Amino acid sequence: MEKTLRILDRVVTILACVLFILLLFCVSILPIAKSKKYYMNQHHKNDVVGILEEYTFNGVTHRAYDSEGNEIIYCYPSDYEVTWELVEKATNKIIDYLYNKDVESMQFQIEHNGKEYDFFTNQAIVHMVDVKVLFIGGINLCYLCIVLFVLCVGYLIYRRNYIKNYIVKTYIISVIAFFAVISCVILFVLIDFDTAFTVFHYLIFNSADAELAISFSYYDTLTNVLTAEFFMTIGLTISITFVCLLALSVTSCLLIKKYGYKLLKKEKIHNV
């Protein structure tokens with residue numbers, strides 16, 4: 001029985017460490033990925049208005065195909081005034097759609113000379129349906145991690161006298177493993193962003209959805225608002241934030257181990 005408990009102690013300790021690291025990763029992603037201010041700052045840096053004017057609102061006719069293979073013709077007027085208010089509206093639509101189950105579509109229309117145009121293409125709408133599934137699933141997974149982590153912590157507190165000698169060591173080893181993975185990912189992105197971007201989509205989507213995600217035309221409004229530079233910057237920001245949180249957590253653990261145990265010993269001696 002005691003041997004079984006010791007094995008369970010190890011398993012729960014490792015699980016608690018992994019769950020805590022995953023929660024730190026969620027904390028690194030959610031505030032940035034949901035920050036409209038961050039998005040708009042990046043849009044200004046990337047000159048999204050200029051990109052839309054040059055590649056989308058240029059009066060050129062583009063042919064695309066929907067998910068069923070039907071041809072769709074897009075032609076955005078060249079004399080339409082692209083404003084930062086338009087970019088902000090598109091950004092709000094994207095974020096609201098991804099984070100709210102009740103929002104059924106991010107599509108909206110712009111009006112020019114008495115004619116309405118869909119701002120987002122059909123390809124963008126179809127792709128973002130898949131992205132929303134991932135976002136909502138990720139948020140639900142985050143909630144599940146919180147519940148499991150609380151249960152693990154409850155168990156570890158109950159068994160604290162048996163696990164206190166190796167819990168910090170287990171956490172540090174877990175952090176080193178995650179740090180190694182993150183470092184490799186960052187290095188891959190910096191060396192060849194385009195390939196990393198493609199591989200990422202094939203990892204999280206099935207082949208058909210991945211092909212749809214990486215086959216956007218240069219005129220598409222979605223990819224001209226959420227540019228490659230935007231994804232590179234937000235990816236690096238999330239990674240750096242995650243690494244900093246890991247470093248902070250390890251430092252905290254080492255300080256608690258060093259000074260916390262000393263305080264406990266002093267308290268025991270004083271009580272005796």
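**Entry 1: α1 against α5**

I began with helices α1 and α5, which pack at an angle of about 140° with their axes 9 Å apart. For my own record, helices are DSSP runs of H or I with at least four residues, strands are runs of E with at least two, and both are numbered from the N terminus. The axes are lines fitted to C-alpha atoms, for helices over the stretch in contact, and angles run from 0 to 180 degrees between N-to-C directions. I noted that α1 and α5 are therefore oblique to each other; angles under 35 degrees count as roughly parallel, over 145 as roughly antiparallel, 65 to 115 as roughly perpendicular, and the rest as oblique.

This is a predicted model, where local features need pLDDT of at least 70 and side-chain atom pairs count only at pLDDT 80 or more, while totals for chains, interfaces and linings use all residues. Residues are numbered from 1 along each chain as its sequence is written, and side-chain values use heavy atoms, with hydrogens and water left out.

Which residues of α1 meet α5? From α1 I listed L5, L8, D9, V12, T13, L15, A16, L19, F20, L22, L23 and C26, and from α5 C142, C145, I146, L148, F149, C152, Y155 and L156. Contact here means heavy atoms within 4.5 Å. By class, I found 18 nonpolar, one polar and one charged residues in the contact of α1 with α5. The classes put Ala, Val, Leu, Ile, Met, Phe, Trp, Tyr, Cys and Pro as nonpolar, Asp, Glu, Lys and Arg as charged, and the others, Gly among them, as polar.

**Entry 2: α4 against α5**

Next I looked at α4 (residues 84–99) and α5 (residues 122–158), whose axes come within 8 Å and cross at roughly 55°. That makes α4 oblique to α5. The α4 side of the contact is I94, Y97, L98 and Y99, and the α5 side is M128, V129, V131, K132, F135, I136 and I139. I sorted the residues of this contact of α4 with α5 into 10 nonpolar, no polar and one charged.

**Entry 3: the cores**

How many residues does the largest nonpolar core have? I read 41, and F57, F119, F120 and L222 have the most contacts inside it. Such a core is a set of buried Ala, Val, Leu, Ile, Met, Phe, Trp, Tyr and Cys residues joined through side-chain atoms within 4.5 Å; buried means under 20% relative accessible area, exposed over 50%, and partly exposed in between (1.4 Å probe, protein chains only). Helix α4 gives the most to this core, with eight residues. Leaving aside neighbours within four places in sequence, L222 touches I94, M106, F120, A124, H127, M128 and F216. I also found a second, separate core of 12 residues, including V12, L19, L23 and Y155.

I moved on to S249, which sits in helix α11. S249 counts as buried, at 9% relative accessibility. Apart from neighbours within four places in sequence, S249 is in contact with F20, L24 and Y171.

V250 is also in helix α11, and V250 is buried with a relative accessible area of 15%.

**Entry 4: positive phi**

D47, in the loop between α2 and α3, has a positive phi near 55°. D47 is partly exposed, at 41%.
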